[in-house]
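Good morning, and thank you for making time for this presentation. I would ask you to keep the sequence and the structure in view while I speak.

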Amino acid sequence: MSAKSGELKRGSGGLVSALLGVQLDQPFFWFGFETDENIAKSLLQKSADVEKNLEIRPVVLEKSLYESYYDRFSNDVLWPLFHYEGNHVFFRRQDWESYTEANRRMAEEILKIAEANDTVWIHDFHFLLLGQMLKEANPDLKIGFFLHTPFPSSEIFRQLPVREEVLRAMLRFDLIGFHEHSYLRHFTVCLKTQLGIESTFFKAETGDHVVHLGVYPISIDIQGFKKKSSAPKIAQLSEKFRQTIRSPFLVLGIDRLDYSKGLELKLRGFRRLLQKFPDLRGQVNLLQVAVPTRVKVPSYIRLKKDIDRLVGTINGEFGKPGYTPVQYIFNSVSEAELLALYKRSDCALITSKRDGMNLVAMEYTVAQDPDNPGVIVLSEFAGAASLLGQAIFINPWDEDSIADALYQAYTMPSDEKRERLEGLQDMLSKYSATEWAKSFLRDLDSSRIRPPKRPLARLCAATKDTYGRIFEKVRQAEKCHLILDYDGTLCPLQKRPELAVLSETQKARLQKLGDSFSIHIVSGRSREFLDAQFPESPFHLVAEHGAFRRLPGSEWKSRISSDIQSWFNEIEKIMQDYSERVPLSFVEKKSASLVWHFRQSPPDFAAFQARKLDDELQIGFSNLPVSVTIGSKIVEARAIECNKGSFLRWLLESEPAESSFVCLGDDHTDEDMFRALDTRGISIKVGHGETAAHCRIPTQEEVLPFLEELVALRGKGFEPVALPTSKAPAERP
Ligand code: GDG
């Protein structure tokens, strides 16, 4: 919005169109930037009159900062990148700093009025950092983000020099909404490829935060739009246009003059129509309204010149007295004129190269007269294509596709036009802008109320609840067993497995813990590795996920009774075959298990091959005593006894009822242990991710300090176990 000459004026853009169509019951503030203090003041004064539920809060930004933030970083980096126009991206570090600063200023203004549990709904790519900034200051805000543009493929997004900063900031929102499923999919792939974060299509978890993800195709105010477009004055104006714009078949284009809208492709397609179907010369016109936008950005200045030139070429080539094929308006039109043009035209032509949604397609549909409708020719690269199934679809890069679609529209029988429109209007009648906003806000609300399945809270201060009782049990128990996974729990994960060894100090600390606990080190590692790591140690060592165990001072004993030979050699051959296909992958051979490792391999290719291998083994060996799992950069086939859960069940049975158990692990094989534990124990997941454990220690580094605290606890009365980085109390739901 702007307030030139004291009058409030809305901008012509999809975001404003869509949001003004939303009717919410609760009052809200609308924040946006303004560079002119006088305009900002007048906006503030007038805002309350605009809409009962809406107050406009202009945030003043000095012009130079605004230009660097908006014209340059937002519109000369993010916009082209998000629309697959990598060659238009012009990144300058100082513009990124301006972008950060502008986001910070906006955060400060919002924080002046936002209180805990208030909802903040952030729109579009201009504010990708805002959620993180608001959350840092007020973690209890509910923060949603909706992206009005596409989210590009990871291959495009990775071009952004600040890609990690942007993605990490986005992970602080509570809910992120996209127009279309492919945009959401691209986002999750970016998380994986750029940050190594696994996510589902519903949520991504990082340490102590969950961001929910969803698809919410935007819409317009269907009823309001219908009412406006069927007003008598619109019919009159449309009739007037019929007299003044003389064309037997008028094709209409309404776009901001933006390269993402594919105006040059539209003109080329239209020229192809006139070349391919000479009979249509003199019969068909294109009226293109190109609304000026981002006029200071160099790529937009160049685009305008190209379009001017193309319009001239076509009119020069096919024009004759009384026939100007292309009528071109480089200006915006009033709302009444827009509606009348929708009605007057015979066809809408939308040739976006990429478009988040495209509201013009929806508006055109709603404005049509059901008895005598126009036809929509729509780019398959607009998000709207996933909703408006009865449009004629085109690949805008294919001139013939545009020409043929226009010809189809020109020759389409009236019955078919009516039928198509009915389908389109029917679809839209069920989904207006208000429903779009409500469904997003509803999900945002529940994303905060519904806690993740297991608390992400840190392990601390749990005096009076379940934890308190369990810890009390640990303290009082005659004998307490500490069951520890090795990699990722006792020892940090390393790129190469042989590097994962404990320092002498760590070993000494562990040894000391052995004075208070009976320690069991339960690992997927081989017997040889554990022997080398813990020679003559007082610990109970369990190798190959429970296949072998060794008590202090005695020999290794096998727990295997099934027939390993029935699957071992066969699976080894298959895994070797995969190692040859996937560079840097290899097979690790143990006594009762085989592991195909691909940590160093090209990630996407290897992950794909891993799924294939898993599938092949799951199906091919389903009736043999082997279990196959995909773990972190591995596919593993193990004898059924190689299961940490089955080992723990055996241990629980063999120990007296008064014993207690504390069990720590970080990966999926440890989940078997967590599930096997009975009421005598407490299970603790190390790191983030879904878990069956009672509670969680956020990072591997905190494991030893925590265990040392536990020792102190066993010696004294019950005190909460506080971790250095603890923030919130742990709570089992
Ligand atoms: C972004 C995304 C997504 C246009 N010219 C005039 C005028 N308009 C109005 C139209 C329509 C809006 O502007 C354009 O909306 P679009 O959706 O087509 O495109 P963007 O502006 O690029 O919007 C887009 C949208 O956000 C919503 O999420 O769909 O993909 O790029 O409402 O009617 N209005 C008037 N005069 C004009 O000359 N009055």
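I shall begin with the chain as a whole and then turn to selected regions.

Please note at the outset that this is a predicted model. The chain has 733 residues, and 55% of them count as buried. It contains 25 helices and 25 strands. Taken along the principal axes, the C-alpha atoms fill a box of roughly 105 × 60 × 45 Å. Among contacts with a separation of 6 or more, 70% are made by residues 24 or more positions apart.

Let me now turn to a pair of helices. Two packed helices are described by the angle between their axes and the distance between the axes. For helix α11, residues 263-276, and helix α12, residues 298-318, the angle is about 10 degrees and the axes are 10 Å apart. The helices α11 and α12 are therefore roughly parallel. On the side of α11, the residues in this contact include Leu263, Leu267 and Leu274, and on the side of α12 they include Leu303, Ile307 and Phe318.

Next, I would draw your attention to Lys353, in the loop between β11 and α14. Is this lysine buried or exposed? Lys353 counts as buried, because its relative accessibility is 8%, and the limit for that term is under 20%. A search of the whole structure finds 37 aromatic pairs. One of them joins Phe225 and Tyr342, whose ring centres are 6.5 Å apart; their planes stand at 45 degrees, so the pair is tilted. Phe225 belongs to helix α9 and Tyr342 to helix α13, so this pair ties together parts that are 117 residues apart in sequence. Phe225 and Tyr342 are both buried. Elsewhere, one aromatic cluster includes Phe33, Tyr66, Trp96 and Phe127.

Two charged side chains also sit over rings. Arg294 lies over the face of Trp79, 4.1 Å from the ring centre. Lys304 has its charged end over the ring of Phe330, at 4.7 Å from the centre.

I come now to the strands. Strands of a sheet pair through backbone hydrogen bonds, either parallel or antiparallel. Strand β15, residues 518-522, and strand β16, residues 540-543, run parallel and are joined by three bridges. Within this pairing, Ile521 stands opposite Leu541. Which residues cover the two faces of β16? His540 and Val542 lie on one side, Leu541 and Ala543 on the other, and all are buried.

Finally, let us consider an open sheet of four strands. Its order is β19-β20-β22-β21, and the pairing is antiparallel. The edges are formed by β19 (586-589) and β21 (626-631), each of which pairs on one side only. On average, neighbouring strands of the sheet are turned by 15 degrees against each other, direction ignored. Strands β21 and β22 are joined by six bridges, and Thr629 stands opposite Glu636 of β22. Helix α22, residues 603-620, packs on this sheet and touches β20, β21 and β22. The direction of α22 makes about 165 degrees with that of β21.

That concludes my presentation, and I thank you for your attention.

Methods
Residues are numbered from 1 along each chain as its sequence is written. This is a predicted model: local features need pLDDT of at least 70, side-chain atom pairs count only at pLDDT 80 or more; totals for chains, interfaces and linings use all residues. Side-chain values use heavy atoms; hydrogens and water are left out. Two strands pair if DSSP finds at least two bridges between them. Axes are lines fitted to C-alpha atoms, for helices over the stretch in contact, and angles run from 0 to 180 degrees between N-to-C directions. Contact means heavy atoms within 4.5 Å. Rings of Phe, Tyr and Trp (its six-membered ring) pair if their centres lie within 6.5 Å; planes under 30 degrees apart count as stacked, over 60 as edge-to-face and the rest as tilted. Buried means under 20% relative accessible area, exposed over 50%, partly exposed in between (1.4 Å probe, protein chains only). A charge sits over a ring if NZ of Lys or CZ of Arg is within 6 Å of the ring centre and within 35 degrees of the ring normal. Angles under 35 degrees count as roughly parallel, over 145 as roughly antiparallel, 65 to 115 as roughly perpendicular and the rest as oblique.
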